[in-house]
Every structure is written in structure tokens, then in C-alpha cells.
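Keep the structure open and follow along.

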Amino acid sequence: MKVNNHVLAIIQVFETFIDIDTDVLLQEINKGDEKMNNDIDHSFFEDYKCPDTSLLNELKNRIKDKTQEIMGVNLEYANSWIHKTPPRASTGLHNHHGNFCSFVYYPNFIERQGGLRFIIFWNGKIIERIITPEKKMLLIFPSEVFHYTGQNDTKEERISISGNFDMQQKEQKKE
């Protein structure tokens with residue numbers, strides 16, 4: 001008798017590291033001060049456009065390569081940004097619905113700056129998993145997964161680089 005397997009849900013968060021000169025990277029990041037959105041009620045209020053610098057571009061290429069390797073598909077950037085969380089602040093619950101996968105890279109992390117918290121609603125229960133970031137950590141996860149950050153309980157701004165990928169569209173053959 002043949003047995004079929006119907007997977008309903010597997011949700012994975014992939015953790016890896018990218019070794020890059022984070023001191024220089026943070027200097028480059030701090031050169032950019034153009035906000036994604038100036039509306040205090042918009043979810044992009046704490047986010048800044050990625051400055052066009054050599055090390056940041058190298059990091060983005062390495063993030064894309066690692067993500068493609070892990071996910072096993074060709075990807076293209078949908079967007080990316082710098083996320084700056086000041087002391088005593090946190091990031092509200094949200095997801096990145098509409099993209100294939102999302103990522104966050106931590107060039108630096110200080111204890112008590114707030115973990116990345118993933119929320120799943122399953123079978124009438126709320127399941128929460130907390131990942132405490134580390135310096136040079138890259139996390140990759142499905143864009144639909146709801147997440148938020150804990151409060152930054154330090155005197156230092158928490159900086160991360162985040163973004164979304166879509167699956168690369170195959171080129172149409174001309175006839």
C-alpha cells in the first residue's frame with residue numbers, strides 16, 4: 001500500500017555567520033542617514049536606506065550567496081535596509097508577507113539589546129521562539145513568519161541590516 005506524505009507546515013529559521021570587518025561596516029552604515037519613511041506611525045520609521053558603499057555591497061552579495069545556497073533557489077533582492085533601534089525601544093510585531101524569504105544580519109550585538117522573537121499561531125496556541133543574536137550572525141526565515149524584537153535595554157543603538165528576497169524569475173524565451 002502506497003503512503004503519501006502531505007506536509008502542512010515546516011518553519012525553519014536558518015542561522016549562519018558572515019565574517020566581515022564590522023568596525024568598517026558600522027562606519028559605512030553611519031554615513032547614511034536617509035530614512036525609509038519619516039512617518040512615526042509607519043513600520044519603516046526606524047529604517048534607513050542602505051548607503052552605496054563597497055563593504056556594504058560586498059556584505060549584501062555574500063548574504064545573497066549564502067541565502068541562495070541555503071534555500072537552494074536563485075534569488076533577487078526585493079529590498080534591503082538598515083534598522084536602527086535606539087535605547088529603550090523595540091520593534092513591533094510584523095511580517096514581510098509577499099516575499100519568498102527575509103534576513104537580518106547583526107554586525108554587532110551587545111547583551112540585553114533585545115532578541116529576535118518569532119511568533120507562530122498553531123492549533124489555538126501561540127508559539128514563541130527567541131533567538132539571541134550574536135556579532136556577525138545572519139538569520140534567514142520565511143517572510144510570512146511574524147516576528148518582533150525585544151526592548152533594547154542598553155545605552156547603545158542596536159543596528160542590523162535586513163531585507164527580503166524573491167525567487168528569481170526565469171527569463172522568457174523569445175520565439
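Which residue follows α2, and is its phi positive or negative? The residue is G72, and its phi is positive, near 75°. Keep in mind that this is a predicted model.

α2 runs over residues 54–71. It has 18 residues and spans 26 Å from its first C-alpha to its last. That is close to the 26 Å expected at 1.5 Å a residue.

Next, pick out the side of the chain that is covered. The buried residues of α2 are L55, L56, L59, K60, I63, T67 and Q68. An α-helix has 3.6 residues a turn, so residues three or four places apart point the same way. Check the list with that in mind. The buried residues of α2 pack against α1, β3, β5, β8 and β10.

In soluble globular proteins, nonpolar side chains tend to be buried together. Here the largest nonpolar core has 21 residues. L25, L59, I63, I82, Y105 and I161 have the most contacts inside it. Two or more core residues come from each of α1 (22–29), α2, β3 (75–85), β5 (101–106), β8 (137–142) and β10 (158–167). The largest share, 4 residues, comes from α2.

Leaving out residues up to four places away in sequence, I161 touches L25, I29, L56, L59, W81, I82, F103, V104, Y105 and P107. Another core lies apart from the largest one. This other core has 10 residues, including I131, M137, L139 and V145.

Move to T85, in strand β3. Is T85 buried or exposed? T85 counts as buried because its relative accessible area is 1%, under the 20% cut-off. What surrounds it? Beyond its neighbours within four places in sequence, T85 is in contact with S90, T91, N152, E156, E157 and R158.

I126 sits in strand β7, residues 125–131. I126 counts as exposed because its relative accessible area is 60%, over the 50% cut-off.

Methods:
Residues numbered from 1 in each chain as written. Predicted model: local features only at pLDDT ≥ 70, side-chain atom pairs only at ≥ 80, totals over all residues. Heavy atoms only, no water. Core = buried A, V, L, I, M, F, W, Y, C linked by side-chain atoms within 4.5 Å. Buried < 20%, exposed > 50% of the residue type's maximum accessible area, 1.4 Å probe, protein only. Contact = heavy atoms within 4.5 Å. Expected span 1.5 Å × (residues − 1).
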